[in-house]
Amino acid sequence: ALKAQLLRREALRLRSAISIQCLWRRYAAKRHLDELRVAFMEQRQLELAAASRMYAIIRHFGFRKAIKARISKSKERTRCAVAIQSWYRQVKKDIRRRIIAEEKELELKKQAASVIQSAARRRAAYLLLMAAKRARDEILALRDEKAHILCHFGRLCIAKNRMQHARREFEEEVKRVYLLSVWASTKISAAWRGKVGRDLAREARTIRAQRWKALFSEEDNMPFYYNLDTGETRWEKPQVLLELEPKPVCCNCFNYQAEMECRECEEFFCTNCFDIIHMGGRRRSHFYKTVY
């Protein structure tokens, strides 16, 4: 038992030692890695600084070389431009002299052509004028002949139109007189028939009105009306008797036949005047009745 306990203790010490060694190796490796990283970064920065200086020196030498090449090219270009300008000015002077000579020659040609064209136009105009005069004389002669024919034909047409117009006017006058006579006879017949009808209607209303008798009721102390044919009695005056009486006129405008009677005003009004006068105020509550 003691031996087993010693073995277990020895095994535990061994494991602890192994764990401590692993931790120490890890720490040592990490520290060595940090030192290597720092050294690498420093080396990297030194390399970048050296590369920047070298690049700046190379750019400086390249810029100076490019400037020298540009200056030499500019000088060569200026020399060529001067030579080209000299040649161009000479060519331009030659061309200007040639153009002036051609313009003078062209001006002389134009003057000669103008003189020739003027003479040709005068000749052509004279020939055209003579031809136009001959054509005008022919056209005037033909126009006079046709005008004589047209005047004769126009006088015939005017006479024919006047004759037709006079005939139409005569026919319309005859037709108008006939229609006027027919209209007059129709109006006279209608007026006579209307008068006969109105007389017959007036006689019939008079006969019907005569069958109503006005009596007085002593009990009610008011008149009433009695029909001899039908035996009907009524307090209000019958329509046939009202039609025989003279029609009342509006008491306000005196122009229209009265249609409304106000009991309190004791006046007759047409419809428009009644609406205007009895629209508001105390008259709005007045009692009224229709006349017919």
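Predicted model: local features only at pLDDT ≥ 70, side-chain atom pairs only at ≥ 80, totals over all residues.

**Stop: a nonpolar patch**

Select Phe 63, Ile 67 and Ile 71. Together they make a nonpolar surface patch of about 280 Å². Click on Ile 71 and you're in helix α1. Its relative accessible area is 44%, so Ile 71 is partly exposed.

**Stop: salt bridges along the helix**

Side chains of opposite charge can pair when their charged atoms come close. The structure holds 8 salt bridges, and here are some to look at.

Start with Glu 10 and Arg 13, whose closest N and O atoms are 2.8 Å apart in a salt bridge. Both sit in helix α1, 3 residues apart, which is about one turn of the helix. Glu 10 is partly exposed at 46% relative accessibility, and Arg 13 is partly exposed at 48%.

Now jump to Asp 94 and Arg 97. This salt bridge has its closest N and O atoms 2.2 Å apart. Again the two partners lie in helix α1 with a spacing of 3 residues, about one turn. Asp 94 comes out at 28% relative accessibility, so it counts as partly exposed.

Then select Lys 195 and Asp 199, another salt bridge, with 3.1 Å between the closest N and O atoms. Why are they about one helical turn apart? Because they are 4 residues apart in helix α1. Lys 195 has a relative accessible area of 41% and Asp 199 one of 24%; Lys 195 is partly exposed, and so is Asp 199.

**Stop: aromatic pairs**

How many aromatic pairs does a search of the whole structure find? There are 2. Trp 24 and Tyr 27 form a tilted pair, 5.9 Å centre to centre with 40° between the planes. Both lie in helix α1, which spans residues 2-210, and they are 3 residues apart, about one turn. Trp 24 counts as exposed at 57% relative accessibility, while Tyr 27 is partly exposed at 49%.

Next, select Phe 269 and Phe 274. Their ring centres are 6.3 Å apart and the planes meet at 55°, so this pair is tilted.

**Stop: His 286**

Look in the loop between α3 (271-277) and β6 (288-290) and you'll find His 286. With a relative accessible area of 16%, His 286 is buried. Show its side chain along with that of Glu 264: a polar contact of 3.3 Å joins them. Leaving aside neighbours within four places in sequence, His 286 is in contact with Cys 262, Glu 264, Cys 265 and His 278.

Leu 215 is in strand β1, residues 212-217, and is partly exposed at 38%. Not counting residues up to four places away in sequence, Leu 215 touches Pro 223, Phe 224 and Tyr 226.

Finish at Gly 231, in the loop between β2 (222-227) and β3 (233-234). Draw a C-alpha to C-alpha distance to Arg 211: the two residues are 20 apart in sequence and 9.9 Å apart in space.

Conventions. Residues numbered from 1 in each chain as written. Heavy atoms only, no water. Phe/Tyr/Trp six-rings, centres within 6.5 Å; stacked < 30°, edge-to-face > 60°. Helix = DSSP H or I, 4+ residues; strand = E, 2+ residues; numbered from the N terminus. Buried < 20%, exposed > 50% of the residue type's maximum accessible area, 1.4 Å probe, protein only. Patch = residues over 30% accessible without salt bridge, like charges linked within 9 Å, V, L, I, M, F, W, Y side chains within 5 Å. Areas by Shrake-Rupley, 256 points an atom, 1.4 Å probe, with all protein chains shown as cover. Salt bridge = Lys/Arg side-chain N within 4 Å of Asp/Glu carboxyl O. Polar contact = N/O pair within 3.5 Å; in protein donor to acceptor, adjacent residues only side chain to side chain. Contact = heavy atoms within 4.5 Å.
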